[in-house]
Amino acid sequence: MIRILVVDDHPIVRSGIVGLLEAEPDFDVVGEAVDGETALELAAALEPDLVLMDLRMPGMGGVEATRRILADALAAGAKRRVLVFTTYESDDRILAAISAGASGYLVKAAPAEELLAGVRAAHAGQTVLAPALAVQLAQALRGQLDPAGSRGVGQAPGVDAAGGGDPAPRLTAREAEILALVAAGFSNPGIAERLTIGESTVKTHLLHVFEKLDVSDRTRAVTRAMELGLI
């Protein structure tokens, strides 16, 4: 069973989500929260496997709640995922939530099957990026660059404002191909089947990607590669 905490300040939307999830035999909705503060308290008390997190709520919003819930889980040695569930496709907080550790995001207008699949994928440790929004996310990340390609606050490590420093990491064609499939939501077995290669080969390529991008998980690898224009 996947234990789920649903966080949304709109009672009708929250009720609909809970009803949809509870109809699935492998889901157990252990709690509901109307804001970030309540979500933080319930996550600590109920120890859900996954938190389905709204972004825009009164008081503590979804980004800060995501950051704190995952920090608390890490400190407690617990494995917990957060999946963002937002109304707006162009929500400027999506990137902030992913940077805070969210396993990905879906929009509320998505089909029910996409939500259910996203929850299962996030729980399994996969990156969940709604395909229709992946390009927008990449553009938002790249838009942080000024016209000269340099950065101010949050510039890429090893690159100074004048464009000096270490060059951006380079991915092989195969590494970029695999990472693009990760961004589209494919699991390692799914990537292996699609590319007709062994699952161990996929894992090896991803380990090389993590090392090159100086990241430790699939979600950050995707966002970092998009940020650098590598995929």
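1. Just after helix 2, Glu-47 has a positive phi of about 50 degrees. The model is a predicted one.

2. Helix 2 spans residues 36-46, and its buried residues are Gly-36, Ala-39, Leu-40 and Ala-43. These lie on the same side of helix 2 because they cover an arc of only 100 degrees around the axis. The face turned away from that buried side carries the exposed residues Glu-41 and Ala-45.

3. The packing partners of the buried residues of helix 2 are strand 1 (2-7), strand 2 (27-33), strand 3 (50-53) and helix 3 (62-76).

4. The structure holds 8 salt bridges. One of them pairs Glu-32 with Arg-14, with the closest N and O atoms 3.0 Å apart. Glu-32 is in strand 2 and Arg-14 in helix 1 (residues 11-22), so this pair ties together parts 18 residues apart in sequence. Arg-14 is buried at 13% relative accessible area, whereas Glu-32 is partly exposed at 42%.

5. Arg-120 forms a salt bridge with Asp-26, the closest N and O atoms being 2.8 Å apart. Arg-120 belongs to helix 5 (residues 112-123) and Asp-26 to the loop between helix 1 and strand 2, so the parts tied together are 94 residues apart in sequence. Arg-120 is partly exposed at 29% relative accessible area, and Asp-26 is partly exposed at 25%.

6. Within helix 3, Arg-67 and Glu-64 are 3 residues apart, about one turn of the helix. Their salt bridge has its closest N and O atoms at 2.7 Å.

Conventions. Residues numbered from 1 in each chain as written. Predicted model: local features only at pLDDT ≥ 70, side-chain atom pairs only at ≥ 80, totals over all residues. Heavy atoms only, no water. Buried < 20%, exposed > 50% of the residue type's maximum accessible area, 1.4 Å probe, protein only. Helix = DSSP H or I, 4+ residues; strand = E, 2+ residues; numbered from the N terminus. Arc of directions from axis to C-beta. Contact = heavy atoms within 4.5 Å. Salt bridge = Lys/Arg side-chain N within 4 Å of Asp/Glu carboxyl O.
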